[in-house]
Every structure is written in C-alpha cells, then in structure tokens.
Amino acid sequence: MPHFILEHSTNIDDELLALDQLFEKLHNAALATKLYPLAGIRSRAHRCDNFRVANGNPNYAFLHLQVKIGAGRSDEEKQSSAQAFFKVLSEHLAPIQQQQGLGISFELNELPEVLKYNLNNLREHLSLESGQ
C-alpha cells in the first residue's frame with residue numbers, strides 16, 4: 001500500500017487531468033517517503049457520470065482522492081505522507097482550477113491490520129525486470 005483511489009466528474013478535460021502523469025507523481029511521492037514498498041502501490045480512477053456540484057453549474061467539477069494505507073505508521077508519518085500526496089494532487093490540478101470551478105478533496109485512511117488480506121507476486125516480477 002498505499003492505494004490511490006480517485007473519483008472525478010466527467011466534465012474535467014482528460015488531457016488536462018492527465019491521469020497517467022498524476023499517478024506517476026503520486027507513486028514517486030509514496031516512494032520518496034521511504035514508507036511504502038513499490039510492489040504495494042496501486043492507483044485507479046473512477047469517472048462519475050452522474051454528479052451535481054454546488055448550484056448545478058455544468059462547468060463546476062469535483063475530484064476526490066482517497067488514499068488507503070496499511071496499519072503501522074506513526075501519526076507523524078501519516079501526516080507527512082498526506083501532506084506530500086495532497087501537494088502533488090493540488091499542484092497537478094492547478095491548471096484545471098484556472099479554467100473552471102473545481103472542488104478538490106482528499107483523505108488518507110489507515111486500514112485495520114486484522115481485516116487486511118493481500119496476495120501479491122509483484123516483487124518477483126519487479127526483480128525479474130531489474131535483473132536481480
């Protein structure tokens with residue numbers, strides 16, 4: 001982990017949103033913290049066709065990023081991670097905010113350890129890619 005789960009309204013220009021670039025930046029920010037293993041980082045996006053923002057102006061948009069992390073990090077580590085991720089998000093979305101009304105929201109949630117299950121062979125594939 002972390003898992004980056006993004007929801008956004010469909011009225012955001014795909015080119016400006018540049019999800020591949022945003023996800024790359026978020027993955028790099030996660031790695032830079034030295035708190036999260038590469039093989040555990042995931043990103044996904046969900047476009048919301050049915051939405052209403054504020055007074056219903058069709059140009060108003062929203063984007064919400066939820067970050068889920070596994071248990072075991074200190075409050076300071078969670079806070080610094082959240083700040084780093086939100087900084088990446090808000091800087092990436094600045095060009096969109098210059099063009100239209102955009103509500104950006106963010107949350108970081110720690111999953112309870114007792115309810116977390118995963119099955120992952122990505123470390124093996126990553127080591128094969130790097131020749132190690």
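Phe51 is partly exposed, as its relative accessible area is 30%. That value falls between the cut-offs of under 20% for buried and over 50% for exposed. The model is a predicted one.

Phe62 also counts as partly exposed, at 21% relative accessibility. The ring centres of Phe51 and Phe62 lie 6.1 Å apart. Their planes meet at 65°, so the pair is edge-to-face; the cut-off for that class is over 60 degrees. Phe51 sits in the loop between S2 and strand S3 (61-69), while Phe62 belongs to strand S3. The pair therefore ties together parts that are 11 residues apart in sequence.

How many aromatic pairs does the structure hold? There are four. One of them joins Tyr36 and Phe85, with ring centres 6.2 Å apart. Their planes stand at 40°, so this pair is tilted. An angle under 30 degrees would count as stacked, and one over 60 as edge-to-face.

Tyr36 and Phe85 link distant parts of the chain, 49 residues apart. Tyr36 lies in the loop between helix H2 (19-32) and strand S2 (42-48). Phe85 lies in helix H3 (residues 75-99). Are these two residues buried or exposed? Both Tyr36 and Phe85 are buried. Together with Phe4, they form one aromatic cluster.

Strand S1 covers residues 3-9. Six of its seven residues are buried, so the strand is mostly covered, buried meaning under 20% relative accessible area.

S1 pairs with both S2 and S3. With S2 the sense is parallel, over seven bridges. Here Ser9 stands opposite Cys48 in S2. With S3 the strands run antiparallel, and six bridges join them. His3 stands opposite Lys68 in S3.

In a regular strand, side chains alternate between the two faces of the sheet.

## A nonpolar surface patch

Which residues form the nonpolar patch on the surface? They are Leu31, Leu38, Leu122 and Leu126. Together they present about 280 Å² of accessible area.

Leu122 is found in helix H4 (residues 122-130). Leu122 is partly exposed, with a relative accessible area of 35%. Patch residues need over 30% relative accessible area.

Key:
Residues numbered from 1 in each chain as written. Predicted model: local features only at pLDDT ≥ 70, side-chain atom pairs only at ≥ 80, totals over all residues. Heavy atoms only, no water. Phe/Tyr/Trp six-rings, centres within 6.5 Å; stacked < 30°, edge-to-face > 60°. Helix = DSSP H or I, 4+ residues; strand = E, 2+ residues; numbered from the N terminus. Buried < 20%, exposed > 50% of the residue type's maximum accessible area, 1.4 Å probe, protein only. Patch = residues over 30% accessible without salt bridge, like charges linked within 9 Å, V, L, I, M, F, W, Y side chains within 5 Å. Areas by Shrake-Rupley, 256 points an atom, 1.4 Å probe, with all protein chains shown as cover. Salt bridge = Lys/Arg side-chain N within 4 Å of Asp/Glu carboxyl O. Pairing = 2+ DSSP bridges.
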